[in-house]
Amino acid sequence: MQKKSIEELESICSQVRRDCLRMVHAVQSGHPGASLGCTEFFVGLYFDQMDHDPQFNMNALNEDVFFLSNGHISPVFYSVLSRSGYFPIDEMKTFRKINSRLQGHPATHEHLPGIRIASGSLGQGLSVAIGAAQAKKLNKDDKTVYILMGDGEQEEGQIWEAAMYAAHWKVDNLIATIDLNRQQIDGPTKEIMDLIDLRAKYESFGWTVIDTHEGNDMKSVLEGLEKAKELSRKGKPVLNLLHTEMGYGVDFMVGTHKWHGIAPSDEQLADALGQLPETLGDY
Amino acid sequence: MENSLDLKFNYTEKKDTRSGFGDGILELGRTNPNVVGLCADLIGSLKMGAFQKEFPDRFFQTGIAEANMMGIAAGLTIGGKIPFTGTFANFSTGRVYDQIRQSIAYSGKNVKICASHAGLTLGEDGATHQILEDLGMMKMLPHMTVINPCDYNQTKAATIAIADHEGPVYLRFGRPKWPIFTDPAQKFEIGKAWKMIEGTDVTIFATGHLVWEAVLAEAALRQDGISAEVINIHTIKPLDTDSILESVFKTKCAVSAEEHQINGGLGDSIAQTLSRHQPSPLEYVGVNDSFGESGTPTALLEKYGLNAANIVTAAKKAIDRK
């Protein structure tokens, strides 16, 4: 497949952000803030970095696989999955509604293609990704396992059990990313529970750590993911600290925890969509 | 008690049910290349050492980190593996309930949660480790299969059988050396109750270690002129409601016997079945809203009202209530 240019990927981002906002607005429920903040990362993974098959196979043999641990940012996950062919884009209309495969938090229960584990109760995704990475090794499958976590989520103890394990058992076909937006529901992480220095924490646990300082710049996101891949398979798990702005792309949502879990009004949606060109056609 | 009784089942050897698990998973290792083992720093206690030694690449030591172990097990299924996790029953359930709920049960993952040292018969370690709520917690999870075998042979057979069952399973066993009285060549059928002894006056539904106590109780009741039917409910969920109803239709009353809290255990599942289809007197032999304590297995079963003598009393009471 021909590589997409940075401009093409950015144009996909604009549509993905529209999808996120329209989904959340339609049901007046959901989490727009970090969905917008992680858009470049998701688009970079699914439209450039990962070798993956939208003809979904749960066992993901001989393909790269992605897990979302902070499941509340389901809007961006659903948009990117449908825009890359896992399910019809029309299905985004059903987000969070009764009888939908697009549950509030991602689930396998309704068999939505692209989802391999339920997430939402925080702190569990890294362990699952480690298991999947070890299954790949047993299967002599040389593809990579990707996992995204939130930064507030780092307060969960299970993550540190998993971090210890991944280094000890040299799970080096694993690239974890933390969405470092420095916000959580009750406020800035610095005030709620200071994460202090995640690089130092993970390095002392035995991980290779890189920073993607411009997590909302497509070129930087791709460079970060490329670098993470180069550093993988060298005996250590790799962590990518992705510095993002919550609400990026919409001027009145950016940089605040206020939009963590609330939906825009009709007027706010119109204002936001005015800032985001419709590039691939709305669902 | 057993010396003076004419038992319908006998034994020549005692062995721990956890060894049935250990020998079962070793056999699975040789016959099913997808079976993998995980353990949270209790390889000796879970009898997983032989599997680890023979299949080091398929064995994952997680250290004392049970939540992580459950997540890793869920992840291993993505790639076609059949993970068997091993730790104490307390750390296999209550400690990791949310991990099991979200990453295994709700996600429909083919993980076998294998739990040793369940119940009072763990003995001297005391109440911190004697979980008596695990069957209830696990049976409440949608689509979770819950199995509690009664002796070494049945535990080994159950371990082997669950590998061929697609979906999450909770397999509960224990630490004490217990009579081996079932057939070593038995075929273990998930969800199919086993009528061990026919009777007409009362049905004793027993699970786990208390099946042996039910065998003793049947002989004691027979001496008193009472004909008890003994049914081994090795699968708590899905419950074999047909066998339960068929038996109670005949005997008109029942006793449940389990090494578990009365609240939420096997007895409650039976009561649900009876109240819907065949309302009948049911007496519960189980722990009555209490934690355990240190002591020998025998002393604990006696103090908490879980031995054969208690089953006999409960059976007579059930008959009186007809």
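**Chat about a two-chain model**

Colleague: What's the strand order in the open sheet of chain B?
Modeller: This is a predicted model. The open sheet in chain B has seven strands in the order 3-2-4-5-7-6-12, and the pairing is mixed.

Colleague: Which strands are at the edges?
Modeller: Strand 3 (59-61) and strand 12 (235-237) of chain B, each of which pairs on one side only. From one strand to the next, the twist averages 20°.

Colleague: In which sense do strands 6 and 7 of chain B pair?
Modeller: Strand 6 (residues 145-147) and strand 7 (residues 169-172) of chain B pair in the parallel sense, over three bridges.

Colleague: And what stands opposite B:Thr145?
Modeller: That would be B:Val169, in strand 7 of chain B.

Colleague: Different topic, the two chains. How many residues are in contact?
Modeller: On chain A there are 26, and they are in contact with 24 residues of chain B.

Colleague: Which helix of chain A gives the most to that side?
Modeller: Helix 5 of chain A, with ten residues. Helix 5 (125-138) and helix 6 (157-168) of chain A each supply at least two residues there.

Colleague: How does the chain A side split by class?
Modeller: The side of chain A that touches chain B has 13 nonpolar, ten polar and three charged residues.

Colleague: Now helix 6 of chain B. Why is it largely enclosed?
Modeller: Helix 6 (residues 97-106) of chain B is largely enclosed by the rest of the structure because seven of its ten residues are buried. The buried ones are B:Gln99, B:Ile100, B:Gln102, B:Ser103, B:Ile104, B:Ala105 and B:Tyr106.

Colleague: What do those buried residues pack against?
Modeller: Helix 5 of chain A, along with helix 4 (66-77) and strand 5 (112-116) of chain B.

Colleague: What about the backbone just after helix 6 of chain B?
Modeller: B:Gly108 sits there and takes a positive phi of about 65°.

Colleague: Last topic, the largest nonpolar core. Which residues touch the most other members?
Modeller: B:Ile204, B:Ala217, B:Ile311 and B:Ala315, out of 185 residues in that core. Helix 9 (residues 210-223) of chain B provides the largest share, ten residues.

Colleague: Which domains of chain B does the core draw on?
Modeller: Domain 1 (14-179) and domain 2 (191-320) of chain B each contribute at least three residues.

Colleague: And what is B:Ile204 in contact with?
Modeller: Leaving aside neighbours within four places in sequence, B:Ile204 has contacts including B:Ala214, B:Ala217, B:Val230, B:Val255, B:Ile311 and B:Ala315. B:Glu218 and B:Glu229 are also among them.

Terms used: Residues numbered from 1 in each chain as written. Chains lettered and ligands numbered in written order. Predicted model: local features only at pLDDT ≥ 70, side-chain atom pairs only at ≥ 80, totals over all residues. Pairing = 2+ DSSP bridges. Helix = DSSP H or I, 4+ residues; strand = E, 2+ residues; numbered from the N terminus. Axes fitted to C-alpha atoms, helices over the stretch in contact; angles between N-to-C directions. Contact = placed C-beta atoms within 7 Å. Nonpolar A, V, L, I, M, F, W, Y, C, P; charged D, E, K, R; others polar. Buried ≥ 20, exposed ≤ 12 C-beta atoms within 10 Å, placed from the backbone. Core = buried A, V, L, I, M, F, W, Y, C linked by C-beta atoms within 7 Å. Domains from an automatic or database assignment.
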